[in-house]
Amino acid sequence: MRTTWTFPKVATIVGAVLLAVLWLVPLLWALDTSLKPEPETTRSPITWLPAAPTMAAYSSVLDQGDLIRWFFNSTVVSVLVTGLTLVVSVLAAFGFSRTRFPGRRVLFGLIIAGILVPPQVLIVPLFQEMTGLGLVDTYWGIVLPQVVAPVMVFVLKKFFDGISRDYEDAARVDGATRWRIVWSVMVPMSRPILVAVGIFTFIGAWNNFLWPFIVTTDPSMMTIPVGLANVQGSYGLRYAQIMASAVLGGLPLLIVYALFQRHVVRGVGDAGIKG
Amino acid sequence: MAVQTQPQVTTSTPRTAAKPAAGQPWKERWGGLFFVAPFLLLFAVFMIWPIISGLWNSFFNTSLAGVKQEFLGLQNWREMFGDPAVWSSLKNTLVFTAMSTPPLVIIALVMALLANRKGLLGWLLRFSYFAPFVLPATVVTLIWVWIYQPGFGLVNGLLTAGGFAEIDWLNTENRAMLAVVITTVWWTVGFNFLLYLAALQGIPAQVYEAAAIDGANGRQQLFRITLPLLSRTTGLIVVLQLVASLKIFDQIYLMTNGGPNFATRPIIQYIYQNGFTNYRIGYASAISYMFFAVIVVVAVLQFRLFSGRKEAGQ
Amino acid sequence: MLGALALTGCGSLGSRPRVREWNLFGGGDGARLLQIHQQYVAEHPDVDFEAHTLAWGPPFYTKLAMSAAGGRAPEVATLHLSRLKGFSPTTMLDPIPVDLLEEAGVRESDFLPATWNRCIVDGKLYAVPLDQHPFVLYYNTDVCKKAGLLGPDGKIKPVKGVTEFLDMLKAVKETTGKYAASVETTNPWRIWWTLYGQLEGKFFSDDGTRLVLDDAKALEALELMAKLATDGLTPKSSNYAALVAQFTNGDAGLSFNGEWEVTTYQTAKTPFSMAPFPVVYDVPSFAGDSHTFVLPHQANRNKDDTKATIEYIAWILKHSADWAAGGHIPAYQPVAKSQKYLDLKPQAEYRSVAPDVLYDPDGWFSGSGAQLENEAGAAFSGVFSGQATPKAALAQFKAATQKLLDTPSPV
């Protein structure tokens, strides 16, 4: 395609790129700092690129060991939250969309009302409850409350409502039970939306700060965001080390996002907006 | 999963075949409940129960320290209404919401308009704008506290290099909230950007082709077609953003710890402080309930406004 | 897989006794403790040992309280002595088994009675003191030499009274060209409490129910703090990390702080020494506290773990000369009197102030890092930054303290 370079077009591109650079600068500055030797970090006026880049901050951060443990915890927690949320919500959405049972409307109404409940206001009683159940400092204690996502049930139910019944009727003729219909008809038909909400659930669980912050006290049970904020692994002058741990803490999802960007953008279109 | 079965099931069959086999009335009547049961169980245990027990606790002097619990009646509630810190932290939450929502909507829209292009440039723009959103709050705040650092931070380094006076962003009462808002916009605007982008990509190309034939230039297309078509998306984004901003805690707790002089302390942090740092579970529960009510009112009002406009538009 | 994952989260599994230690040593003292722990681990292969440093102050104490409430607390934790009563020891801590402590070779006579008695609540021992840590004066020897402040012995000449104190600061400021002293303006409780204590000000009535703050004295201290900032002798605004950085990069020739950054400045090769904080007013008095070991309440306390924990505490006490090298004054008298400790420099320069350490007022909301200090920090940081007058700051602090007094105690 031939492009004519009019002024507005050029200005738009320049503006877009400038904005992108502005958005990347904080990340690059963190990376830059993490490669400096410690004394250089507190020099004023500030230095731009380190004279002698060093990975010393990274090796001391990794030597302290906790970061790897938190990385493992975050992975376990995020996988469990994402998997369980999808399974439980798909089942519930199917139940409300495709089956009839007494009290269905009332229950669905209750769940819709649950969308309004901000989890943040429940931290105090929820912590008390976890204490009673003995779930403080356990994976289940971190995971289970995050699985309750009424909005997910709502979105998926609406999506299922839009799927023609012809498909399941056909499956039923072949002798499929409702249980099988869920997994071999509804789930495959809603793959893009499930991928999108799955990715966002994963990001949300990986980055969730408040609840894991409340329910974990033992540093060896903390997730990355909580551990980074609460546990100190180095002492003295340590800006380079702090930035190194920030870079390491942020990197996994940045990489995942770079790989899946296409699905994220497309999935949002499928999932949300029309709701 | 079982994608390969799809071609098979898409062959349409007569509707009548859907009638379930008779003879299993119990299963037919109650069977659906099994599908919703796992969710309902979790919903009851981790949402309904804490809502009830929180209300219960708000009438007691429940303490984290586990000392004997006594019934207080409405004493916690009375204390709350007379506690200036409750109202100042609620005000901080509202100020944060008012300051953060407009840029989070407008910048997101601008970004979506700029990044709605194909090719490598489009990919790079989308990556840059959204990337901060995937970072955990702690990583974001570590980076920004470092950027705002007086003496050797990036912002102040640039200010002094440009001949301006340093600003101690996070320790100055009328600057700290602004600093938090800037960080928040940088961090979370990507989500709204994505919603706008998806909406933009949903506008059929024919609309623009038709407009071009009618001789509409770029600016006319933007103001006469694109923006009006995005108005529903904007409504949705504003609703989501307001409720999200009201729940502010992470960034402020991590960047300023509510300071300086409590000038940024949001209501959730005051709840946290009372309940956990000062062990006053009962009192914290009462404040939680008041704030819960505020959120519900805001959400319902918006829903009214939003759905009212939608009906009017139809 | 899930079973295995869940198991890693709880209970001691192996036959080795388990000791998990939580501490709040985020400064140079933390680096020192790390070395001591490495030696402990090397000498105790039979103990499953794990130590963690949590962010100082409210984050640490909140986590510790929540872990005690949650029943899965670590075997041992550090606690400021000033916070012991406010921590609800009878519900959130387990008493120290004195018999085990004696078996491990540590007894009451090894401590100063004043310190030991503070560790007893309702007739039971709840804490074992590790050290004392006063507010002191760090000085850059190069800078102070140039400023003519060192005596013939190379030590800083002691100053007394406001005028001498300010003259010293002015001389340092002229030499550095930036600040005289670095101080944590975002939480200036320690400097205010030191100055107010030197004026012999009282805080609570003897029964702890009324605020009896002496306004004139409190204001005098605050006005001096305001003057330090307006004259550019200290920064107007600086947090703890900046306080450390300003002393290492030479922006400030002095530093007003607790004595726990010795290791940091040694590592950074800053030319420095230390001295008691000047007696600016009437009497020597220095804000400070004492670190102790406590046993946070566990729902199911294991006998073997407890025994190993007590032995750990005793081991650390006996090795507290290494701990003292990081700055703190040992509480364990056999070490405090040992030649190894007495030979330490610059630690020897300020240990004489131990009897004049001024603890925070008594109250469930008071103590190191507790609500009262936060309220003081919020109100008084404005005095340094110039956003609040001393009068307004004092009024705000008094109102906040009164509100805390009026709040029914949750412990």
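Predicted model: local features only at pLDDT ≥ 70, side-chain atom pairs only at ≥ 80, totals over all residues.
Residues are numbered from 1 along each chain as its sequence is written, and chains are lettered from A and ligands numbered from 1 in the order in which they are written.

**Chains B and C**

Chain B holds 14 helices and zero strands, where helices (H or I, at least four residues) and strands (E, at least two) are DSSP runs numbered from the N terminus. In chain B, 44% of the 314 residues are buried, a residue being buried if 20 or more other C-beta atoms lie within 10 Å of its own, exposed if 12 or fewer, and partly exposed in between, with C-beta atoms placed from the backbone. Among the contacts of chain B between residues at least 6 apart in sequence, 69% join residues at least 24 apart; two residues are in contact if their C-beta atoms, placed from the backbone, lie within 7 Å.

Chain C has 18 helices and 15 strands. Its radius of gyration is 22 Å, close to the 22 Å that the globule rule gives for 411 residues, so chain C is as compact as a globular protein of that length; the radius is taken over C-alpha atoms, and the rule is 2.2 Å times the number of residues to the power 0.38. Along the principal axes, the C-alpha atoms of chain C fill a box of roughly 65 × 50 × 50 Å. Buried residues account for 55% of the 411 residues in chain C, and among its contacts between residues at least 6 apart in sequence, 79% join residues at least 24 apart.

The unreviewed UniProt entry annotates "transmembrane region" over residues 70-94, 106-127, 139-156, 193-214 and 239-260 of chain A; positions are given in the numbering used here, feature names are shortened, and annotations may be inferred rather than shown by experiment. The span of residues 70-94 of chain A is 100% helix and 0% strand, with its end C-alpha atoms 35 Å apart, and residues 193-214 of chain A are 91% helix and 0% strand, with end C-alpha atoms 31 Å apart.

The contact between the two chains takes 86 residues from chain A and 90 residues from chain B. Helix α14 (residues 239-271) of chain A gives the most to the side of chain A that touches chain B, with 14 residues. That side of chain A divides into 60 nonpolar, 19 polar and seven charged residues, where Ala, Val, Leu, Ile, Met, Phe, Trp, Tyr, Cys and Pro count as nonpolar, Asp, Glu, Lys and Arg as charged, and the others, Gly among them, as polar.

**Two helix pairs**

Two packed helices are described by the angle between their axes and the distance between the axes. Axes are lines fitted to C-alpha atoms, for helices over the stretch in contact, and angles run from 0 to 180 degrees between N-to-C directions.

| Helix pair | Axes come within | Crossing angle |
|---|---|---|
| α4(A) and α7(A) | 9 Å | roughly 35° |
| α4(B) and α11(B) | 9 Å | roughly 145° |

In chain A, α4(A) passes α7(A) in a right-handed crossing; a crossing is left-handed if the near helix is turned anticlockwise from the far one by less than a right angle, and right-handed if clockwise. The residues of α4(A) in this contact include A:Val76, A:Leu80 and A:Leu84, and those of α7(A) include A:Tyr139, A:Ile142 and A:Gln146. By class, the contact of α4(A) with α7(A) has 10 nonpolar, two polar and no charged residues.

In chain B, α4(B) and α11(B) also cross in a right-handed way. Among the residues that meet there are B:Phe96, B:Thr97 and B:Leu104 from α4(B), and B:Ile237, B:Gln241 and B:Leu242 from α11(B). The contact of α4(B) with α11(B) divides into eight nonpolar, seven polar and no charged residues.

**Backbone sites**

Most residues other than glycine have a negative phi, and most peptide bonds are trans. A:Asp137, in the loop between α6 (123-133) and α7 (139-147) of chain A, has a positive phi near 65°, and A:Asp137 is buried, with 24 other C-beta atoms within 10 Å.

The loop between α12 and α13 of chain B holds B:Asn257, whose phi is positive at about 50°; B:Asn257 is buried, with 20 other C-beta atoms within 10 Å. B:Pro260 is placed in the loop between α12 (250-255) and α13 (267-277) of chain B, and the peptide bond from B:Gly259 to B:Pro260 is cis, with omega near -5°.

In chain C, the peptide bond from C:Lys345 to C:Pro346 is cis, with omega near 0°, and C:Pro346 lies in the loop between α16 (339-342) and β15 (357-358).
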